[in-house]
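Please read it beside the sequence and the structure.

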Amino acid sequence: MTPTRPNPQWAATLTRAERQWALLRRSDLTELGVHRHQIARWVTQGRLHRLHPGVWTVGHRVLPRRAEFLAATWWCGGDAAVCDESACAWHRWTFEDEEHPPPIHVATTLERKSIPGVVVHRTRRLPREDVLTFERLLRATDVPRTIVDRADRLEYPALRLLADRPRHLDLAAVERVHRRLPGRSGWRRTQQLIASEDARARSVLERRFTLYAHHHGLPPPDARNVMIAGCEVDCVYRGPRVALELDSRAHHQRRAELLEDKRRDRRYRRAGFTPIRAMWEELELGDHAVADELRELLTSGLGLQRP
């Protein structure tokens, strides 16, 4: 029996799909010389499965989430990019329910209407600098643009918590996006985030200290998360040369880390800085111990008066 020769057109189609997370657009099939009657035949044979108008998957409908994101942006066409809640999930700031995934949010400057499973956000501006491209396929709004977009739909406390999700939040970049997009419904909330004293704090613990310092009448640090003697310090008061480290309880459950803290403190002293450490439990507003110690260190350099 003579073996069946593989269809070169189908083989080329599979090769293209392998590079595109098992997805194909109408433009891909047209480029490969596949006419619409052939597409209909492959759909009937179960080779192609239609996801959205003009977008198919090869072999089956079970796709990883990133491929579903890509299919949604391809259906929107043009400059479309995953945005809003879906961008938060892509950046791994939030996690979706795998059994019941939410609709995919896509931003585009084109005229598109939402369909089941895809929520379209029409925007006037979606410049290249606001978008990241992954593997030359999936477009998603970057960190600053995603923060500004979410400000339109979140109350400030939730926005403030979301801003803690990125490992490093570039507030200058957020402000640049913010200025390019005047008139947004979340404009005031974004402005509040940028202007807030604790906006540059990278963790809940740092913001807890900001609230604690304000409550006890202590000045804000001159700098946060800067390098001293080769170590990154949470808060620095440059005048009186005080290096403040904020420690969580879990961090101090390991002996090796306690020893490392001692080594860091010695390096700060050699650099001419007085180290002081504050744990989460010590930053209760009613606890005065850290405030009294820090005030005593700052008084000589800043001329603060004890209340």
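1. A residue is called buried when its relative accessible area is under 20%, exposed when that area is over 50%, and partly exposed in between. The model discussed here is a predicted one. With these terms, helix H9 can be described from its two sides: Arg188 and Ala195 are exposed on one, while Arg189, Thr190, Leu193 and Ile194 are buried. Viewed down the axis of H9, the buried residues lie within an arc of 140°, and therefore they line one face of the helix.

2. Which helices are included in the cover over the buried residues of H9? The cover includes helix H6 (143-151), helix H7 (156-162) and helix H8 (171-180). Thr190 has a relative accessible area of 1%, and so counts as buried. Not counting residues up to four places away in sequence, Thr190 touches Val148, Ala151, Leu159, Val174 and His178.

3. The next point concerns the nonpolar interior. In soluble globular proteins, nonpolar side chains tend to be buried together. The largest nonpolar core in this model has 21 residues, and the members that touch the most others are Leu23, Leu70 and Val106. Two or more residues each come from helix H4 (65-76), strand E5 (104-108), strand E6 (118-122) and strand E8 (138-141). Of these, H4 gives the most to the core, with eight residues.

4. Charged pairs form a separate topic. Side chains of opposite charge can pair when their charged atoms come close. The model has a count of 22 salt bridges. In one of them, the side chains of Asp28 and Arg25 meet at 3.2 Å, N to O. Asp28 is buried, at a relative accessible area of 3%, whereas Arg25 is partly exposed, at 26%.

5. Another salt bridge joins the side chains of Arg153 and Asp84 at 2.7 Å, N to O. Arg153 lies in the loop between H6 and H7 and Asp84 in helix H5 (residues 84-90), so this pair ties together parts that are 69 residues apart in sequence. The two partners may be compared by accessibility: Arg153 is partly exposed, with a relative accessible area of 42%, and Asp84 is buried, at 0%.

6. The side chains of Arg184 and Asp149 also form a salt bridge, again with a distance of 2.7 Å, N to O. This pair links distant parts of the chain, since Arg184 is in the loop between H8 and H9 and Asp149 is in helix H6, 35 residues apart. Arg184 and Asp149 are both buried. Which residues are linked with them in a network of salt bridges? The network comprises Asp130, Arg145, Asp149, Asp152, Arg180 and Arg184.

7. The last point concerns the surface. Leu161, Val204 and Trp280 form a nonpolar patch there, with about 270 Å² of accessible area together. Trp280 is placed in the loop between strand E12 (274-279) and helix H12 (289-302). Trp280 is classed as partly exposed because its relative accessible area is 33%.

Note on methods: Residues numbered from 1 in each chain as written. Predicted model: local features only at pLDDT ≥ 70, side-chain atom pairs only at ≥ 80, totals over all residues. Heavy atoms only, no water. Patch = residues over 30% accessible without salt bridge, like charges linked within 9 Å, V, L, I, M, F, W, Y side chains within 5 Å. Areas by Shrake-Rupley, 256 points an atom, 1.4 Å probe, with all protein chains shown as cover. Salt bridge = Lys/Arg side-chain N within 4 Å of Asp/Glu carboxyl O. Helix = DSSP H or I, 4+ residues; strand = E, 2+ residues; numbered from the N terminus. Buried < 20%, exposed > 50% of the residue type's maximum accessible area, 1.4 Å probe, protein only. Arc of directions from axis to C-beta. Contact = heavy atoms within 4.5 Å. Core = buried A, V, L, I, M, F, W, Y, C linked by side-chain atoms within 4.5 Å.
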